[in-house]
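Welcome, and please open the model in your viewer. We will walk from one selection to the next and look at what is there.

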Amino acid sequence: MAIVVYDGVGLFELGVACDVFGPNDLTDLGVPWYQLSICGAGGTTVTADGGLRIEPPHGLERTRRVDTLVVPPTDRLDEVPTGVFDALRRAHARGCRIISLCTGAFVLAEAGLLKGRRATTHWTECDDLARRYTDVSVDPGVLYVDEGDILTSAGSAASIDLCLHVVRCDYGSEIATRLARELVVPPQRDGGQAQYIDTPLPSLDSSNLFADTIAWVQEHLNEPLTVADLAARSAMSPRTFARQFLAATGTTPHQWLQRQRVHLAQRILETSDFSIETVAAGSGFCTAGNLRKHFSRIMHTSPQAYRRTFQHRTG
């Protein structure tokens, strides 16, 4: 296995890959661990994102002899040497497994390796990745994507999730769980990247046709409301209301209402110990089953798992 480094390389993700795939005291389990190398273009010194200078002990020729290549992120994509892209393409062509961490997906996309594939990256960069590389199917809601020969991870901490997933695939759950325990991280996290994404409604000033209706609904999310109720409050027919609401906000009234209720449920889960039934009633879902269904669809995790991750604890 080798990690490719270049100017602007992310130190956190580089450290994750070194920690997971580097030397580990697992000999008592009889596991032959990865043989990890760090390589760079032309044997030149690399300046990482924090200004730290790294001297890769190997050149890119090392990529010709490994089974797996790890591609960390960089904030200087335009300065990645062309030799890196060539090395990645050659490695992939001969069957090498390639793993990108966080925005390392941009390096893979620039090399043409994500064409026609599903991939992910840090949620703040997903739109840019999709816009720059229109032949890539970008999934902003997951922690990682495994396409077999090419794997991509979401934001920084998701690098741990993907690297442990690789260990699990290569050595099984027992080894991955032990390594996770040594790193003091969960072997597998619930949900995906969606639970970390801030997705506020586009701001509407007081002159907007729906500003008053939206403000009123946000104060009454725990009440039984329908799209017809919203239309009546806006003095429109349901069909006209739905059409104009979509044009003004970029989403349908029903989708907006469900997402706002999920946001309210998030706040209740974060700040209380109320039962799931009480959270459902307080956020307008009426039943725990409805809450679980819509929460899981939007957040890609369960209400209980979300609470365990984000609940504010004192004392």
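How many aromatic pairs does the structure hold? This is a predicted model, and it holds eight aromatic pairs.

**Stop 1: two rings face to face**

Select W33 and Y171. Their rings form a stacked aromatic pair, with 5.0 Å from centre to centre and 20° between the planes. Follow the chain between the two partners: W33 sits in the loop between α1 and β2, Y171 sits in helix α5, and they are 138 residues apart. Now show the surface. W33 is buried, because its relative accessible area of 11% is under the 20% limit. Y171 has a relative accessible area of 25%, so it is partly exposed.

Together, F21, W33, Y34 and Y171 make up one aromatic cluster.

**Stop 2: into the core**

Next, pick out F21, L69, L88 and V167. The largest nonpolar core has 62 residues, and these four touch the most other members. Which helix gives the most to this core? It is α5, with six residues.

Zoom in on V167. Leaving aside residues up to four places away in sequence, V167 touches V20, F21, W33, Y34, G172, I175, A176 and L179. Another core lies apart from the largest one: it has 27 residues, including A231, V262, L264 and I298.

**Stop 3: an arginine in a strand**

Now select R97, which is found in strand β7, residues 97-100. Is R97 buried or exposed? R97 is buried: its relative accessible area is 18%. Its side chain makes a polar contact of 3.0 Å with the side chain of T68. Show the surroundings of R97 as well; among the residues it touches are M1, Y34, D67, L69 and D149.

**Stop 4: salt bridges**

How many salt bridges are counted? The count comes to nine.

- Select D149 and R117. They form a salt bridge, and their closest N and O atoms are 2.9 Å apart. D149 is partly exposed at 26% relative accessibility, whereas R117 is buried at 16%.
- Select R118 and D139. Here the closest N and O atoms of the salt bridge are 3.0 Å apart. R118 lies in strand β8 and D139 in the loop between β9 and β10, so the pair ties together parts that are 21 residues apart in sequence. R118 is partly exposed, with a relative accessible area of 36%.
- Select E182 and R178. Their salt bridge has its closest N and O atoms 3.3 Å apart. Why are these two separated by about one helical turn? Because they are four residues apart in helix α6. E182 is partly exposed at 38% relative accessibility, and R178 is partly exposed at 23%.
- Finally, select D7, R76 and E79, which are linked in a network of salt bridges.

**Stop 5**

Notes:
Residues are numbered from 1 along each chain as its sequence is written. This is a predicted model: local features need pLDDT of at least 70, side-chain atom pairs count only at pLDDT 80 or more; totals for chains, interfaces and linings use all residues. Side-chain values use heavy atoms; hydrogens and water are left out. Buried means under 20% relative accessible area, exposed over 50%, partly exposed in between (1.4 Å probe, protein chains only). A polar contact is a pair of N or O atoms within 3.5 Å; within protein, one must be able to donate a hydrogen and the other to accept it, and residues adjacent in sequence count only if both atoms are side-chain atoms. Contact means heavy atoms within 4.5 Å. Rings of Phe, Tyr and Trp (its six-membered ring) pair if their centres lie within 6.5 Å; planes under 30 degrees apart count as stacked, over 60 as edge-to-face and the rest as tilted. A nonpolar core is a set of buried Ala, Val, Leu, Ile, Met, Phe, Trp, Tyr and Cys residues joined through side-chain atoms within 4.5 Å. A salt bridge is a side-chain nitrogen of Lys or Arg within 4 Å of a carboxyl oxygen of Asp or Glu.
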